[in-house]
Amino acid sequence: MKIKAIQFSADGFMTQAFAFGGENKADGSPDVKYPSSLQNYLIDTGDEVILVDTGFPPGFPYPARNEKAQIYVGSPTQNYIDGFKALGYKPEQVTKILLTHRHNDHSGEVNSFPNAKIYIAPEDADARELSSVDKDRIIRCEYTDGAYHNFPESQKIADGVYFIKAKGHTNGNSIVIAEDDGLYYMIQGDVTYTDAALKANKLSVVFDDLPAARETLDRVREFVKNNPTVYLSTHTPEGVTNLEGKIVMKLD
């Protein structure tokens with residue numbers, strides 16, 4: 001199995017107030033900042049090419065840098081499709097797309113992969129971000145394979161690849177775990193925006209369901225404590241660093 005990052009934005013930032021302040025605004029400072037970037041991930045099982053999220057939609061207008069913003073996603077380094085092709089793949093090779101959630105920085109390029117089935121939780125399947133997608137390509141994932149470790153509901157997607165119900169950030173939020181060579185690669189969408197928030201046990205200010213988001217973060221932290229986990233985020237360059245170094249997340 002090969003897991004690769006598709007990078008498409010860099011040199012951004014987020015405030016601690018944004019990354020930590022979901023449950024208590026006093027938990028984060030607007031003056032402390034963490035680096036931000038944008039990357040999604042590709043899993044090559046040897047038999048299939050699977051994407052986890054698909055970047056911004058074509059022509060997305062990146063906002064100008066604003067030092068007073070809660071989050072600035074950075075400036076584009078390349079578009080998502082060019083980043084994908086730079087890894088040596090062709091769009092028609094992709095068989096499955098696993099969308100962690102509906103937001104357009106995770107679902108924007110699904111139409112660029114004509115042979116791929118799109119897996120997403122039912123609660124997010126009818127989002128406006130997916131309104132242009134051929135509905136026959138959308139698999140409304142019902143997580144029928146039971147528990148995965150301490151997560152109650154999961155769906156096996158391929159050998160060693162699991163789609164896991166993880167509500168909170170959106171009502172249909174999911175995470176993906178890929179098992180390879182004794183490690184668990186957790187592609188977690190936006191459960192946290194920066195690794196510091198995971199370590200500090202803090203939720204960001206972006207959620208549909210706060211109690212569900214808290215339950216998900218608790219389960220993520222429990223999993224990380226009990227299993228050698230490489231933690232792969234979308235919005236921090238730590239995601240790429242962790243992947244390239246196979247760095248196991250430590251919470252203590």
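**Salt-bridge exercises**

Let's start with Asp218, which is partly exposed at a relative accessible area of 39% (buried is under 20%, exposed over 50%, partly exposed in between, using a 1.4 Å probe and protein chains only). Keep in mind that this is a predicted model, where local features need pLDDT of at least 70 and side-chain atom pairs count only at pLDDT 80 or more, while totals for chains, interfaces and linings use all residues. Residues are numbered from 1 along each chain as its sequence is written, and side-chain values use heavy atoms, leaving out hydrogens and water.

**Exercise 1.** Work out which side chain meets Asp218 in a salt bridge.

Step 1: A salt bridge needs a side-chain nitrogen of Lys or Arg within 4 Å of a carboxyl oxygen of Asp or Glu.

Step 2: (Helices are DSSP runs of H or I, at least four residues; strands are E runs of at least two; both are numbered from the N terminus.)

Step 3: Arg214 counts as buried at 16% relative accessibility.

Step 4: Glu23 joins Arg214 and Asp218 in a network of salt bridges.

**Exercise 2.** Find what the Lys33 and Glu67 salt bridge ties together.

Step 1: Their side chains meet at 3.3 Å, N to O.

Step 2: Lys33 belongs to strand S2 (residues 33-44) and Glu67 to the loop between strands S3 (49-52) and S4 (71-72), so the pair links parts 34 residues apart in sequence.

Step 3: Glu67 is partly exposed at 45% relative accessibility.
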